[in-house]
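I opened a new notebook page for this protein today.

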Amino acid sequence: MIRWDAHMCLPLHPQASFAPIDLLRASGLNYVSINVGMDMNPLSQIMSVIAGYRATIAAHPDRYVQVGGVADIERAKAGGQIAVGFDLEGAIPLLEQADMVALYARLGVRQIHFAYNRNNSVADGCHDVARGLTALGRRMVAAVNAAGLLMDCSHTGRQCSLEIMAASGQPVIFSHANPLALVEHGRNITDAQIRACAGTGGVVCVSGVSKFLGTNTPTAQDVARHAAYVADLVGVQHVGIGLDNGFSEPGLNDRPPGDFDPAYWWPEPAGYVNAITGVCYTPIDTWSKLASALQATGMRAEEVALVLGGNMLRVAQQVWGSAT
Ligand SMILES: [Zn+2]
C-alpha cells in the first residue's frame, strides 16, 4: 500500500527546512508533491527554490528520493525514505513557451495546473472572469501530455477546467480541491467537474484546508467526509488526498519580491480575509488518522487503500510512463 499526498507547500525559499517532510515520512507517507512556485512567483525565485530543494534531497539520500517515475516511489518505500516530486501552480512560469514544460519535467516537476485563481494567457483562474482555454492553452495541454506530466485543474476556472479535461489525452487530476456541493466556495469544484475528471480516468484529491472544508478546525474526519462524497458521486477509484498543508518558518522570508499584492491573488469578494491569513490546515499527524476516518465513512480496507494512494499511483503509472 502506497500513501500519496498530492500537494503541500514548504516556504518558497531555497533554504527551507524539510522537517515537515520528515514528520510526514514518520506518519507513513510514501510520496509527497511539493509546490515549487505559483503564478505570483517570479522565475528567479522558482529556479532558486528548485535548486535549493533538489540540493536538500540530494544531500539526504537516507531520507528522500527525488522522483522521476513510479519505480522511484517503490524504491523509497523499500528503503524507508519518502519520495518527493515537485508541482507548479500556474502557467506564467512557462513564459508562454510550450518547450518550458519538458524543461520543468527534467528539473523534477511531475504535476502542473495552469492558473492560480486569476486569469493568464494560458487559462482562467477560479476567481476571475470566465473566458475559456486559450489557443496557447491548448498547445500547453499537448505539451503536458507529451512530457508525461500530471495535468492538474486545481485553482482553475470551472469552464476552462472542463475544456482542459476534454483536450487532454491523458487522465487529469485535481491535486487539491473539494466538492462545492458540501461547501460553497469559488475554489471548490462542481459535480460536473468531478464527473469530467473521473471521465478522463483521473482522481480528485480532497484538501485539508479549513475554508474549503467548511470548518475552522479541520480534522481527518472532515477530509474523509469530502472524500466519501466524491466516492459516492463517481466511484472510489477516482478519489485521492492532497492535504495542501502550508508550512512557514520563522525568519525565512518567502514573499515574492516586488509589488506583490496578496489581495489580487486571494480576493476578498471570493471569500478571503486578508488574503489567506487565518486559513488553517489539518494537523501534521492527519496521515496517521486518515485510514480509520475513511473506514468510518463505510469504505472497506481495499477502498481506503485506493483513496490513500492506490488511485494516484495508478494514474501516475499511466501518465508519467507515457512521456514521448
Ligand atoms: Zn494551491
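**Entry 1: the whole chain**

I began with burial, and buried residues make up 53% of the 324 residues in this predicted model. I then looked up the secondary structure and found 12 helices and nine strands. The radius of gyration came next: the value is 18 Å, close to the 20 Å that the globule rule gives for 324 residues, so the protein is as compact as a globular protein of that length. For the box along the principal axes, I noted that the C-alpha atoms fill roughly 45 × 45 × 40 Å. Of the contacts with a separation of 6 or more, 75% are between residues 24 or more positions apart.

**Entry 2: helices α4 and α5**

A reminder to myself: two packed helices are described by the angle between their axes and the distance between the axes. I picked α4 (residues 99-106) and α5 (residues 135-147), whose axes come within 8 Å and cross at roughly 35 degrees. I noted the crossing as right-handed. Which residues make the contact? On the α4 side I listed Val101, Ala102 and Ala105, and on the α5 side Met140, Ala143, Val144 and Ala147. Sorted by class, this contact has seven nonpolar residues, no polar ones and no charged ones.

**Entry 3: the two sides of α4**

I stayed with α4 and asked which of its residues are buried. Val101, Tyr104 and Ala105 are buried there. Looking down the axis of α4, I found its buried residues within an arc of 105 degrees, so they line one face of the helix. The buried residues pack against β4 (82-89), β5 (109-113) and α5. Turning to the other side of α4, I found Asp99, Leu103 and Arg106 exposed. Just after the helix, Gly108 takes a positive phi of about 110 degrees.

**Entry 4: positive phi without glycine**

Next I looked up Asn117, which has a positive phi of about 65 degrees although it is not a glycine. Asn117 sits in the loop between β5 and α5. Is Asn117 buried or exposed? I counted 25 C-beta neighbours inside 10 Å, so Asn117 is buried.

Asp244 also went on the page, with a positive phi of about 65 degrees although it is not a glycine. I placed Asp244 in the loop between β9 (239-241) and α10 (262-265). With 25 C-beta neighbours inside 10 Å, Asp244 counts as buried.

I found Phe18 in the loop between β1 (4-8) and α1 (19-26). Why does Phe18 count as buried? It counts as buried because it has 21 C-beta neighbours inside 10 Å, and the cut-off is 20 or more. I also checked a distance: Phe18 and Arg195 are 177 residues apart along the chain, and their C-alpha atoms are separated by 36 Å.

My last stop was His185, in the loop between β7 (172-173) and α7 (191-199). His185 has 19 other C-beta atoms within 10 Å, so I wrote it down as partly exposed. Which residues is His185 in contact with, leaving aside its neighbours within four places in sequence? The contacts are Lys211, Phe212 and Gly271.

Methods:
Residues are numbered from 1 along each chain as its sequence is written. This is a predicted model: local features need pLDDT of at least 70, side-chain atom pairs count only at pLDDT 80 or more; totals for chains, interfaces and linings use all residues. Helices (H or I, at least four residues) and strands (E, at least two) are DSSP runs, numbered from the N terminus. The radius of gyration is taken over C-alpha atoms; the globule rule is 2.2 Å times the number of residues to the power 0.38. A residue is buried if 20 or more other C-beta atoms lie within 10 Å of its own, exposed if 12 or fewer, and partly exposed in between; C-beta atoms are placed from the backbone. Two residues are in contact if their C-beta atoms, placed from the backbone, lie within 7 Å. Axes are lines fitted to C-alpha atoms, for helices over the stretch in contact, and angles run from 0 to 180 degrees between N-to-C directions. A crossing is left-handed if the near helix is turned anticlockwise from the far one by less than a right angle, and right-handed if clockwise. Ala, Val, Leu, Ile, Met, Phe, Trp, Tyr, Cys and Pro count as nonpolar, Asp, Glu, Lys and Arg as charged, and the others, Gly among them, as polar. The arc is that of the directions from the helix axis to the C-beta atoms.
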